[in-house]
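My notes follow in the order I looked things up.

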Amino acid sequence: MTDAQTWRDDFSRVLSPVFGAPQLDLVRGQGSKVWDASGKEYLDLLAGIAVNALGHCHPAWVTAISEQAATLGHISNFFTSPPQIALASKLHEILDLPQGSAVFLSNSGAEANEAAFKMARRAGGGGRPIVIAVEGAFHGRTMGSLALTAKAAYREPFAPGVPGVVHVPYGDVDALAAAINDTCAAVFIEPIQGEVGVRTHPAGYLTAARELTRAHGALLILDEVQSGVGRTGHWYAHQDPEIGEGVVPDIITSAKGLGGGMPIGATITVGTANTKLLEAGQHGTTFGGNPLATAAALAVLETIETEGLLAHVRETGTWLRGELEQTAGVASVSGTGLLVGIELDPAATGGADAKTIAARALEAGFIVNPVTPERLRLAPPLTITAEELQTFLTALPALIAG
Ligand SMILES: *Cc1c(COP(=O)(O)O)cnc(C)c1O
């Protein structure tokens with residue numbers, strides 16, 4: 001048997017089938033590259049789905065984790081630790097949070113949204129049964145976050161789901177206005193919808209959502225699990241005036257890039273009133289905010305700052321999207337910063353879907369994500385260079401043409 005057969009067989013013997021068959025058996029990473037067991041090199045244009053913000057094995061991240069692991073790894077939330085307070089302080093700083101705001105730390109995006117969902121149930125003192133989310137939304141796979149996720153195929157096998165969630169059509173202010181009333185606790189919105197192929201909302205949508213939620217005493221909750229932590233060239237996407245339109249949310253959820261590969265999530269309440277939505281004892285997590293994860297996240301945020309990565313992402317992203325727009329076989333390009341959707345031109349693909357093209361890319365040494373049948377998603381490390389991206393741009397027309 002070849003090595004590939006061995007790990008595939010071993011995988012299916014001992015691991016859950018829920019993710020489908022793994023494409024590669026990866027053994028090592030460095031910067032924007034990863035290697036499989038046979039020694040083949042790949043340019044990682046997905047970064048663990050927008051997670052490896054600093055790329056693989058960045059020295060600052062490795063040092064922070066190694067030193068913290070050798071100092072104090074886990075303590076429970078009966079106690080706090082210096083990296084936990086430092087990380088929360090840093091989040092206050094980069095989000096320019098008003099006094100009274102607070103960070104609740106957990107372990108994943110779904111968990112960050114679960115906490116936000118529980119806060120929503122307490123909005124207005126409780127008794128507001130409706131929570132609104134948007135069609136095309138992805139908020140996670142646990143029961144609460146799954147209820148917020150739009151795709152029926154994800155939800156229906158697990159009925160009955162968490163009640164009260166209403167999905168409104170994407171980009172439709174009138175539909176949102178019609179759905180919201182004083183029984184609504186919260187509106188959940190991703191500033192950029194990732195799973196549907198990277199799309200922003202029409203101009204004015206977030207502003208309208210803010211006005212409508214305020215008028216009805218409902219919370220505006222921005223899910224920045226994918227779009228946060230420098231991905232757009234801003235700390236959080238809503239801080240980009242073009243995307244956020246100056247809107248100040250009530251709650252922000254964060255995860256993915258925050259730990260740079262270490263599991264961590266954050267639910268950030270803006271202002272004293274939102275912080276008081278949950279009282280002591282109403283929520284919890286064993287691992288959330290532990291010294292190891294918070295030390296890793298702190299290293300991510302500090303390195304984004306010291307290496308000037310926000311400006312790098314804006315510059316590189318603008319250049320990349322400009323180049324992609326002129327690439328043969330690309331119909332259109334969406335997204336901002338280094339969160340990019342590539343709509344394939346059906347006339348150029350010869351009938352091949354995005355999955356087929358992603359498979360060709362993998363064969364050629366590029367990791368990309370066929371996020372829908374027509375679209376590829378790129379979310380490379382924030383540290384990726386134009387030279388590295390150029391290798392993909394050069395290869396892409398042939399990958400699309402087949
Ligand atoms: C990935 C994602 C989640 C879920 O995060 P997990 O860490 O997989 O639980 C939630 N919301 C958005 C916008 C995401 O992209």
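**Helix pair.** I began with α15 and α16, which are oblique to each other (angles under 35 degrees count as roughly parallel, over 145 as roughly antiparallel, 65 to 115 as roughly perpendicular and the rest as oblique). Helix α15 covers residues 354-363 and α16 covers residues 386-401; they pack at an angle of about 130°, with their axes 9 Å apart. Axes are lines fitted to C-alpha atoms, for helices over the stretch in contact, and angles run from 0 to 180 degrees between N-to-C directions. Helices (H or I, at least four residues) and strands (E, at least two) are DSSP runs, numbered from the N terminus.

I noted the sources next. This is a predicted model, where local features need pLDDT of at least 70 and side-chain atom pairs count only at pLDDT 80 or more, while totals for chains, interfaces and linings use all residues. Residues are numbered from 1 along each chain as its sequence is written, and side-chain values use heavy atoms, with hydrogens and water left out.

Which residues of α15 meet α16? I found Ile357, Arg360 and Ala361 on the α15 side, and Leu399, Ile400 and Ala401 on the α16 side (contact means heavy atoms within 4.5 Å). By class, this contact has five nonpolar, no polar and one charged residues (Ala, Val, Leu, Ile, Met, Phe, Trp, Tyr, Cys and Pro count as nonpolar, Asp, Glu, Lys and Arg as charged, and the others, Gly among them, as polar).

**Sheet with β13.** I then traced an open sheet of four strands, ordered β13-β14-β17-β16, with antiparallel pairing (two strands pair if DSSP finds at least two bridges between them). β13 (330-336) and β16 (369-370) are at the edges with a single partner strand each, so one side of each has no neighbour in the sheet. Six bridges link β13 to β14 (residues 339-344). I looked up Val330 and found its bridge partner in β14 to be Leu344. α15 turns up again here: it packs on the sheet, touching β14, β16 and β17 (375-378), and its direction makes about 45° with that of β17.

**Sheet with β1.** I listed another open sheet of four strands, β1-β2-β3-β15, with mixed pairing. β1 and strand β2 (residues 33-36) run antiparallel and are joined by four bridges. Arg28 has Trp35 as its bridge partner in β2.

**Domains.** Last, I checked the division of the chain: domain 1 is 7-58 + 308-401 and domain 2 is 72-307 (bounds come from an automatic or database domain assignment). Their centres, taken over C-alpha atoms, are separated by 26 Å. The contact takes 28 residues from domain 1 and 27 residues from domain 2.
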